[in-house]
Amino acid sequence: MSPEQQPRAPHDTILYVEGLTVSFDGFKAINNLNFIVEVGELRVVIGPNGAGKTTLLDVITGKVKPTTGRVFYDADVDLSALTENRIANLGIGRKFQTPTVYVNHSVYENIALSLPTGKSVWRALVSTLTGRDRDTVEGLLSRIGLAEKASQPAGLLSHGEKQWLEIGMLLAQDPQLLLLDEPVAGMTEQETDATVELIHDLADDHSIIVIEHDMEFVQRIARKVSVLHEGTLLCEGTMEQVQSDPRVIEVYLGRG
Ligand code: ADP
Ligand code: MG
C-alpha cells in the first residue's frame, strides 16, 4: 500500500476510535464505540462503574487489543498494531490511580530518572545530568508545585503530592497525550483545588483525557464531557448538556 492509500483519521485528531469492540469471553466491555478527541482538547469521560472507561484506556495504551474496530493516534498511527512500549514511546502518557513513585529516592531524582536520558539509574544518581536536563527537572518541579520538596524522599510526600509527582514523571517523557484515571481520588479538598489548577495548566500544551467519578471535580475542569455506558457513547457535550440529558440522569447522575 502506498502512503496515500493508508487508512488514516482526520489530521486534527489526537485520538480517533472507530467501531471499537472489546470482548472478554463474549462479554462486550466496549461495544461498537466511536470516540474522537481533537488535538489540544481537555476531554472528560464519565460513566457508571463497568461502563468501559478503564478498558478504553487499556486499548489506547496497548494493554488490551481491539476485538474489532480501529484506534488512531495523531491521525495516522494505528495503535492496534503496536506494543505497549511502542505506544508509550509515541508520546502517550498514562497516569494510573495508584501512584507509583520511587519512595526511597528524592522528589528531584524521581523526575530525573523519568527523563528519556535518565533511563540509566546510575547516570542520574551520580548527577551527570546536563544543564539542560537540570533545567527541565526544575521546570517540571515548579510546574507540579513540588519545587520546595525537591530534596525530600518521595515516600514522605502526602498522597496528593505523590500523584503530582507521578504526573511530573509522565511529563518528563514529554508526552503529547495525557491519560489521567481518576486523578483526584483520595485527595484532600486543597489538593483537589491544586489539581484543578494543574490540569488547566497542562491543558495549555497537551491533549488530555481525564476519567472521573467525582462530579464536582468534573464540573470544575470539564470543557467537553463524554458519557460512556455499557461500552458505548451515551452522549457528549458541555457539563450542562450532559447533566440535563434524561438518559444520563437515568443511568448515572440519578444514582446519586
Ligand atoms: P469502568 O472503568 O468504566 O468501571 P471497566 O472498563 O473496568 O469499567 O470494565 C468494563 C466491563 O468489562 C466490566 O463489566 C468489567 O467487569 C469487564 N472487564 C474489564 N476487564 C476485564 C477482563 N480482563 N476480563 C473480563 N472482564 C473484564
Ligand atoms: Mg475504571
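# Sheets, ligand shell and selected residues

Leu228 stands opposite Leu233 in strand 10. The model is predicted: local features need pLDDT of at least 70, side-chain atom pairs count only at pLDDT 80 or more, and totals for chains, interfaces and linings use all residues. Residues are numbered from 1 along each chain as its sequence is written, chains are lettered from A and ligands numbered from 1 in the order in which they are written, and side-chain values use heavy atoms, with hydrogens and water left out.

Helices (H or I, at least four residues) and strands (E, at least two) are DSSP runs, numbered from the N terminus. Two strands pair if DSSP finds at least two bridges between them.

Strand 9 covers residues 224–229, and strand 10 covers residues 232–237. The two run antiparallel and are joined by five bridges. Val227 stands opposite Cys235 in strand 10. Two residues lie between the strands of this hairpin, and there Glu230 takes a positive phi near 50°.

A second open sheet has four strands in the order 2-1-4-5, with antiparallel pairing. Strand 2 and strand 5 are its edge strands, and each pairs on one side only. Strand 1 (residues 13–24) is joined to strand 2 by eight bridges, and the two run antiparallel. Phe24 has Phe27 of strand 2 as its bridge partner.

The loop between strand 4 (68–73) and strand 5 (77–78) holds Asp74. Ala75 lies in the loop between strand 4 and strand 5 too. Neither is a glycine, but Asp74 has a positive phi of about 55° and Ala75 has one of about 75°. Are their side exposures buried or partly exposed? Asp74 is partly exposed, with a relative accessible area of 30%. Ala75 is buried, with a relative accessible area of 2%. Buried means under 20% relative accessible area, exposed over 50%, and partly exposed in between (1.4 Å probe, protein chains only).

## Ligand 1

Which residues surround ligand 1? They are Phe24, Phe27, Ala29, Pro48, Asn49, Gly50, Ala51, Gly52, Lys53, Thr54 and Thr55. A residue is near a molecule if one of its heavy atoms lies within 4 Å of it. Phe24 and Phe27, the bridge partners named above, are both in this shell.

Five shell residues are nonpolar, five are polar and one is charged. Here Ala, Val, Leu, Ile, Met, Phe, Trp, Tyr, Cys and Pro count as nonpolar, Asp, Glu, Lys and Arg as charged, and the others, Gly among them, as polar.

The table gives polar contacts of the ligand. A polar contact is a pair of N or O atoms within 3.5 Å; within protein, one must be able to donate a hydrogen and the other to accept it, and residues adjacent in sequence count only if both atoms are side-chain atoms.

| Residue | Part of residue | Distance to an oxygen atom of ligand 1 |
|---|---|---|
| Gly52 | backbone | 3.0 Å |
| Lys53 | side chain | 2.8 Å |
| Thr55 | side chain | 2.6 Å |

Taken alone, ligand 1 exposes 570 Å², and the protein buries 59% of that. Strand 2 (27–38) and helix 1 (53–60) are the elements that give two or more residues to the shell. Helix 1 gives the most, with three residues. Areas come from the Shrake-Rupley method with a 1.4 Å probe; for residues, only the protein chains shown count as cover.

## Helices

Helix 3 (residues 107–114) is mostly covered, with six of its eight residues buried. Those are Val107, Asn110, Ile111, Ala112, Leu113 and Ser114.

Arg86 is in helix 2 (residues 84–89). Arg86 counts as partly exposed, at 48% relative accessibility. Arg86 and Thr61 are 25 residues apart in sequence, and 9.3 Å apart from C-alpha to C-alpha.

Ile167 sits in helix 6 (residues 159–171). Ile167 is buried, with a relative accessible area of 2%. The C-alpha atoms of Ile167 and Ile144 are separated by 7.7 Å, and the two residues are 23 apart along the chain.
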